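Biologist: I'd like to go through some of the labels on this model with you. Could you tell me what stands behind each one?

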Amino acid sequence: MELHGFGGLPQMQGRVGTICACIPGWLISRGDVAGAGEMLKQLAGLANGGMVPATLNGSSTESTMEVDANLWFIAAAHAYQKAGADVAMFNAHLLPVMKRIVQGLISGPGGEAGGGIAGARMDDGGMLTVEGAGPQAMRLNALWYNAIETLAATLLAGGDRTGDHYERLAGRFRRSFAKTYWCDDHGCICGPEARANDGHGADFPELEQLLCVMLPESPIPKTKQRQIVQALKRRAVGEVGLKQDAAGRESVMHRVWLAEGLVLSAENPETVIEEARNLAVPVKRIFETQGAVAKTYLHGVAEGEPDAVATAECAGTLRRLGM
């Protein structure tokens with residue numbers, strides 16, 4: 001399968017989740033909506049009447065990677081829809097796959113809908129449990145909520161009342177997610193593993209909680225999104241990125257997410273746009289000089305090779321901030 005339109009991005013290793021995560025930042029944000037649609041149509045074709053595979057060659061892999069691929073497919077398809085999709089193509093090729101993904105994860109392997117992913121199922125509270133997910137469970141559940149809410153809105157807009165079912169499921173999910181992840185003591189998400197430890201407030205905040213600000217549909221309200229942004233701005237801003245650990249590793253992708261998160265969560269975005277741009281300046285400098293970014297930086301120096309998702313997200317976010 002040819003990956004047209006991704007020139008300049010680091011290698012994606014044939015991972016469908018990585019490809020889908022790159023589509024909004026690398027293709028849609030620069031106006032290549034048709035290219036995004038063509039890529040999504042090809043990926044939908046790989047579903048073969050079921051869910052999208054974890055890799056382009058269809059090789060089996062762990063549950064987490066398969067769930068990741070399918071949830072990022074829905075996020076990318078929704079971004080394409082909002083950017084001015086070919087409606088006929090979206091309805092014929094993408095929407096059926098979105099519906100099968102959500103229903104497959106609700107029913108679980110061997111469920112009424114068929115398909116599903118081994119080791120992944122929706123629990124009674126509406127949240128996803130994914131075998132082996134560990135600390136990735138919060139991120140996957142943020143993506144899961146975005147999937148069910150965007151599918152509900154799409155179905156209802158088209159007059160399909162089955163969207164009501166997904167809306168009710170989303171309400172159940174919000175209650176479960178807040179109970180499991182929200183920490184009133186620190187005004188941000190502290191996962192169950194963290195809260196099991198005494199004095200967990202000394203830990204570095206989980207950077208991936210910014211997904212709850214960046215995704216179009218969030219399981220937490222705007223007031224709590226602002227609390228996340230302020231907590232990370234107060235505790236995690238480093239030299240070029242956001243601090244990840246005591247060793248000094250930093251993520252530049254999460255720094256631009258924080259910058260845009262300031263705008264997305266603000267009551268009046270115009271009052272924070274300059275602050276957001278100033279926060280993103282160190283990342284802009286890296287991007288301008290190197291053309292790509294790595295996952296982590298230590299004392300301002302990249303650790304490892306450039307990363308496709310981090311590069312696409314930095315490129316797209318800087319464009320949206322007008323930088």
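Biologist: Why is E267 called exposed?

Modeller: E267 has a relative accessible area of 70%, and exposed means over 50%, buried under 20% and partly exposed in between, with a 1.4 Å probe and protein chains only. E267 is therefore exposed. Before we go on: this is a predicted model, where local features need pLDDT of at least 70 and side-chain atom pairs count only at pLDDT 80 or more, while totals for chains, interfaces and linings use all residues. Residues are numbered from 1 along each chain as its sequence is written, and side-chain values use heavy atoms, with hydrogens and water left out.

Biologist: What makes R226 and E267 a salt bridge?

Modeller: Their closest N and O atoms are 3.7 Å apart. A salt bridge asks for a side-chain nitrogen of Lys or Arg within 4 Å of a carboxyl oxygen of Asp or Glu, so the pair qualifies. R226 lies in helix α9 (residues 222–235) and E267 in the loop between α10 (252–265) and α11 (273–290), so the bridge ties together parts that are 41 residues apart in sequence. Helices here are DSSP runs of H or I with at least four residues, and they are numbered from the N terminus.

Biologist: And what is R226 called, by its relative accessible area?

Modeller: Partly exposed, because the value for R226 is 24%.

Biologist: How do you know that D164 and R161 form a salt bridge, and which label does each residue get?

Modeller: The closest N and O atoms of D164 and R161 are 3.0 Å apart, which meets the criterion. D164, at 24%, is partly exposed, whereas R161, at 53%, counts as exposed.

Biologist: What does the salt bridge between E208 and R139 tie together?

Modeller: E208 forms that bridge with R139 at 3.6 Å between the closest N and O atoms. E208 lies in the loop between α7 (192–195) and α8 (211–214) and R139 in helix α5 (residues 137–157), so parts 69 residues apart in sequence are tied together. E208 and R139 are both buried.

Biologist: How many salt bridges does the structure hold?

Modeller: There are 11.

Biologist: Why does S265 count as buried?

Modeller: Because its relative accessibility is 2%, S265 falls under the cut-off for buried. S265 is found in helix α10. Leaving aside neighbours within four places in sequence, S265 is in contact (heavy atoms within 4.5 Å) with V213, K222, Q225, R226 and V229.

Notes
Helices (H or I, at least four residues) and strands (E, at least two) are DSSP runs, numbered from the N terminus.
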